Amino acid sequence: MPALRSVRILGTGMYVPPDVYTNKDLEKMMDTSDEWIVQRSGIRERRFAKPGLGVSDLAAEATQHALTAAGLKVSDIDAIVFATLSPDYYFPGSGVFLQNLLGCGQIPAFDLRNQCSGFLYGLNVAKAFISSGQYDRILVVGAECHSRAINLTTAGRDVAVLFGDGAGVVILGPNDDPKRGLLSLHLHSDGAHRDALKMEFPSMRKWPAITQEMLNDTKHYPTMDGRLVFKNAVTRMPEVVHEALAYNQLKPDDVDFYVFHQANLRINEAVLKHLAQPASKTYNNIDRYGNCSAASIPMVLDECARSGRIKPGDLVCMASFGAGFTWGSALLRW
Ligand code: UT7
């Protein structure tokens, strides 16, 4: 068997729709307050895409930025791995929407459904393909249009105030620099908690999948046991960071920069505290974009790469936790 190839991120990109919804805007739609939202989550505003747009449209914009950053053309992409929980259609997947929008030829387009861990799952799938030599450059996408499926009334406030729309992408490719590259990925799931955070309807377990009665009962919106999710996130994220570090025989202090999923500022502060790391070693954009699920990590990566917060050679550790439950970490030399 030929040796596995090393893999690295060749370029990053992100896109958020221009329409900003502040906490004050949400106060006009439901019984909530700026103070509650900021205190509990760290979120101040989020973006919602205009009706008619879908995740593939946001991802196409983000891809153009990543191609420029990588110095590549659309025709250089050999495959798409698209992670989202809010796809354009129930089927086909958003990968083929993006393939068509980009006009990148009849390349394979994979769709992944791993919620807030979707980007790290996507990274692992893409890494395996490139390492084995099957494909050279893969576009890994995390994109969400959460605004389509949140209940923007008081009945849905516990979930609705947390989420936003956005897209983040990376282009992954073979690495010719021995000092750089993706070192490891560790992924997990625990379906015993599948109901802790879910959008159940339309349900292919029901016949019909959706009824007027279900709509009247607002069953088509997501539900969450926030405290249970929080408790598991602050345990699992440090755990999976330690797993990555132990695998690479490293310690938390060896990491130059931590990139965490953006679900709640308090979660990320607790994870850093657990790792005994200073706030200067991470970056959060949840205050401006809310929780963009699969898009959150690549959006942070893009902002940090462009601003110089993450520099070539930095040891970067990413970690996520979300519905499923699913969680994971990735370690790389940028
Ligand atoms: O990315 C996917 C993973 N998701 C997460 O990681 C989210 C994890 N969970 C959390 O981040 C937190 O649990 C939340 C931010 C969702 C909630 O914070 P909390 O401190 O756990 O609040 P709570 O759910 O215990 O609710 C406290 C109170 C309740 O009122 P009572 O029962 O104490 O009278 C809620 O009804 O806050 C009320 N509440 C709200 N009040 C104003 C819930 N949502 C709102 C709201 N505005 N939007």
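1. Domain bounds here come from an automatic or database domain assignment. With that in mind, welcome to this predicted model, in which the protein is divided into domain 1, residues 7-174, and domain 2, residues 181-333.

2. The C-alpha centres of domain 1 and domain 2 are 14 Å apart. At the interface, 52 residues of domain 1 make contact with 49 residues of domain 2.

3. How much area is buried between domain 1 and domain 2? The figure is about 3800 Å², and carbon and sulfur atoms give 65% of that area. On the domain 1 side, the residues that lose the most area to domain 2 are Met-14, Cys-116 and Leu-120, which together make up 17% of what that side buries.

4. It is worth looking at the polar side of the interface too. Between domain 1 and domain 2 there are 22 residue pairs in polar contact, with both residues at pLDDT 80 or more.

5. Which elements of domain 1 give two or more residues to the side that touches domain 2? The helices are α2 (34-41), α3 (55-70), α5 (118-132) and α6 (157-160), and the strands are β1 (7-15), β3 (45-47), β6 (138-145) and β7 (165-174). Of these, α5 gives the most, with seven residues.

6. Finally, a word on composition: the side of domain 1 that touches domain 2 has 24 nonpolar, 18 polar and 10 charged residues.

Methods. Residues numbered from 1 in each chain as written. Predicted model: local features only at pLDDT ≥ 70, side-chain atom pairs only at ≥ 80, totals over all residues. Heavy atoms only, no water. Contact = heavy atoms within 4.5 Å. Buried area = accessible area lost by both parts, 1.4 Å probe. Polar contact = N/O pair within 3.5 Å; in protein donor to acceptor, adjacent residues only side chain to side chain. Helix = DSSP H or I, 4+ residues; strand = E, 2+ residues; numbered from the N terminus. Nonpolar A, V, L, I, M, F, W, Y, C, P; charged D, E, K, R; others polar.
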